Amino acid sequence: MSVFEVLRFAVRGIGANKLRSGLTMLGILIGVAAVILLVAVGNGSAREVAERIEALGTKTLTVQGVGGGDVLTREVAEALDDPVLAPDVTSVSPVASTQATLTYEGTDHSVQQFVGSYPSYFGASNSPVETGSAFTEEDVAQGRRVVVIGQTVAEELFPGLDPVGEEITVSGALFTVVGVLEEKSSASGFMDANDLAIAPLTAVQQALVGYGPFNSIIVEASSSEKVADAQSQVSLILSQRIETTAGSTTQPYRIQNASQLLETQTETADTFTTLLGAVAGISLLVGGIGITNIMLVTVTERTREIGIRKALGAPRRVILTQFLAEATMLSLLGGGLGVAAALVGSNFTIVGVKPIIVPSSIALALGVSVAIGLFFGSVPANRAAGLRPIDALRYE
C-alpha cells in the first residue's frame with residue numbers, strides 16, 4: 001500500500017465520525033496551545049524583568065545594609081567617592097527614601113518611593129527627565145524643596161496639566177515640581193517604576209526622614225567593562241570603613257550589580273518557564289489518552305472491515321500502518337490548530353504579561369503531539385492488526 005493510499009484511508013477513517021474526531025483533536029489542540037502559550041508567558045515575564053533590571057543601568061552598583069544595621073553613613077558615602085582608592089567609580093549617590101503622601105489641590109496620591117539623593121542619581125539609575133529639569137548640586141547644598149516626579153504621579157495628581165512649577169504637599173511639607181521623568185516599563189507583578197518622586201537629599205532629610213543612615217548608596221562605574229573593578233574597589237573601602245560585628249561571619253552590607261541580578265533572574269525565569277511548560281504538558285498527555293480511547297472505539301466499530309481486509313490478504317503491517325496513520329493525523333491536525341490558537345492568543349495580554357512566542361516551543365509541542373499520536377495510537381493499532389480474520393468476520 002502506497003503512502004497516498006494510507007493517507008486516503010486515514011482521512012476517510014477520521015471523517016467517518018466527525019464529532020468524535022473533532023473532540024479528540026480539541027484535546028490535542030488545548031494541550032499544544034497551552035504548552036506554547038504558557039512557555040510564551042514565562043518568556044514574556046522574564047523579558048519584562050530583564051528590561052526592568054537593565055533599566056537600572058548596566059554600570060550601577062547598589063550598596064545596601066544587611067540586617068537593619070546603621071552602616072551606610074555620610075562618611076562612608078564620601079569615602080567611596082575617592083579618585084585614588086576608587087579610580088573606576090564615576091559617581092556616588094547616597095539614597096534616603098521613604099513612603100509619602102503627595103497632595104495637590106485636594107487630590108492625594110501615595111508613593112512607595114520618595115527618594116532623596118544627589119543629581120548624579122538620575123544618570124546612575126537611568127532616570128532621565130522628560131519635561132522640566134533635574135535639580136542641581138546647588139539645590140542640594142541649599143536644601144531647596146524641589147522635586148522631580150514620575151509619570152504615574154503626574155497622571156494621578158495633574159491629569160491633563162503641566163506639573164512643572166506647581167507646588168505639592170509631601171506629608172505636610174511644600175515641594176515645587178521642577179521636572180517629570182521619562183516613562184519606564186514596569187515588569188508585571190513588580191512595583192510601578194513610574195510611581196516615584198526624587199528630591200534633593202538634604203531637603204528629604206530635613207522635611208521627612210531625618211539625618212540617620214542611608215537606605216542605600218548607588219555607585220556608578222566608569223563603564224560596563226569596569227563594573228567588576230569598581231565593585232572590588234568599593235568592597236575594599238567598605239571593609240576598611242565598616243567594622244564587622246565580633247563573632248560574625250557575614251558582612252553588614254552587600255553589593256549588587258545589574259549583571260548579578262540579571263544572571264539570577266535568568267536562572268529563575270528558566271526554571272519558571274520549564275515548570276509552566278511541564279504543567280501544560282500534562283494536558284497533552286490527557287489528549288493522548290483521549291486518542292487511545294477514541295481509536296479503541298474506532299477499532300471496535302470497524303472490526304468487520306478489518307476482517308474483510310485481512311481475509312483478502314492485507315498483511316498485519318498494512319492494518320497497523322493504517323490505524324497508526326489515523327492516530328498520528330488526528331494529533332497532527334489538533335497540534336496544527338493548537339499552534340494557530342497559540343499564535344492568536346499571543347497577541348493578547350495574559351495575567352498582565354505580553355506573551356513572547358519561543359519558536360522552539362512550537363516545534364517541540366508539534367513533535368510531542370505527533371509522538372503522542374504514535375505512542376497512544378499504537379495500542380489500538382496493534383489490537384486491530386492482531387485480530388484473526390475469522391473472529392473479525394463473526395463480529396456483530
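This is a predicted model: local features need pLDDT of at least 70, side-chain atom pairs count only at pLDDT 80 or more; totals for chains, interfaces and linings use all residues.
## The overall picture

Let's start with the whole protein. There are 13 helices and 10 strands to find your way through. Of the 396 residues, 45% are buried. If you take contacts between residues at least 6 apart in sequence, 79% of them join residues at least 24 apart.

## Spans marked as transmembrane

The stretch we began with comes up again in the UniProt record. That unreviewed entry carries the annotation "transmembrane region" for residues 21–42, 275–297, 318–344 and 356–379. One of these, residues 318–344, is 100% helix and 0% strand in the model, and its end C-alpha atoms lie 39 Å apart.

## A strand with both faces covered

Now have a look at strand β9, which takes in residues 216–221. Buried residues account for 6 of its 6 positions. On one side you'll see Ser 216, Ile 218 and Glu 220, and on the other Ile 217, Val 219 and Ala 221; both faces are covered.

What does β9 pair with? Strand β1 (residues 60–65) runs antiparallel to β9, joined by 5 bridges. In that pairing, Thr 60 stands opposite Glu 220. Strand β2 (residues 89–104) also pairs with β9 in the antiparallel sense, this time over 6 bridges. Here Pro 94 is the residue opposite Ile 217.

## A helix with a buried side

Helix α8 covers residues 227–241, so to speak a run of 15 residues. From first C-alpha to last, α8 reaches 21 Å, close to the 21 Å expected at 1.5 Å a residue.

Which residues of α8 are buried? They are Val 227, Ala 230, Gln 231, Gln 233, Val 234, Ile 237 and Leu 238. These residues sit on the same side of α8, because they cover an arc of only 165° around the axis. The general idea is handy here: an α-helix has 3.6 residues a turn, so residues three or four places apart point the same way.

Next stop is helix α5 (residues 137–142), which is where you'll find Asp 139. Is Asp 139 buried or exposed? Asp 139 counts as buried, because its relative accessible area is 10%, under the 20% cut-off. Its side chain reaches the backbone nitrogen of Thr 136 at 2.9 Å, and a polar contact of 2.9 Å links it to the side chain of Arg 144. Beyond its neighbours within four places in sequence, Asp 139 touches Arg 144, Val 146, Pro 200 and Thr 202.

Gly 143 lies in the loop between α5 and β5 (146–149). Gly 143 is buried too, with a relative accessible area of 9%. Although Gly 143 and Thr 202 are 59 residues apart along the chain, their C-alpha atoms are separated by 5.0 Å. Setting aside neighbours within four places in sequence, Gly 143 is in contact with Thr 202, Ala 203 and Gln 206.

## The helix on the other side of those contacts

Thr 202 and Ala 203 bring us to helix α7 (residues 201–209), where the buried residues are Leu 201, Thr 202, Ala 203, Val 204 and Gln 205. These buried residues pack against α3 (74–80), β2, β3 (107–117), α5, β7 (173–181) and β8 (196–200). After α7 comes Gly 210, with a positive phi near 85°.

Key:
Residues are numbered from 1 along each chain as its sequence is written. Side-chain values use heavy atoms; hydrogens and water are left out. Helices (H or I, at least four residues) and strands (E, at least two) are DSSP runs, numbered from the N terminus. The expected span of a helix is 1.5 Å times one less than its number of residues. Buried means under 20% relative accessible area, exposed over 50%, partly exposed in between (1.4 Å probe, protein chains only). The arc is that of the directions from the helix axis to the C-beta atoms. Two strands pair if DSSP finds at least two bridges between them. UniProt positions are given in the numbering used here, feature names are shortened, and annotations may be inferred rather than shown by experiment. A polar contact is a pair of N or O atoms within 3.5 Å; within protein, one must be able to donate a hydrogen and the other to accept it, and residues adjacent in sequence count only if both atoms are side-chain atoms. Contact means heavy atoms within 4.5 Å.
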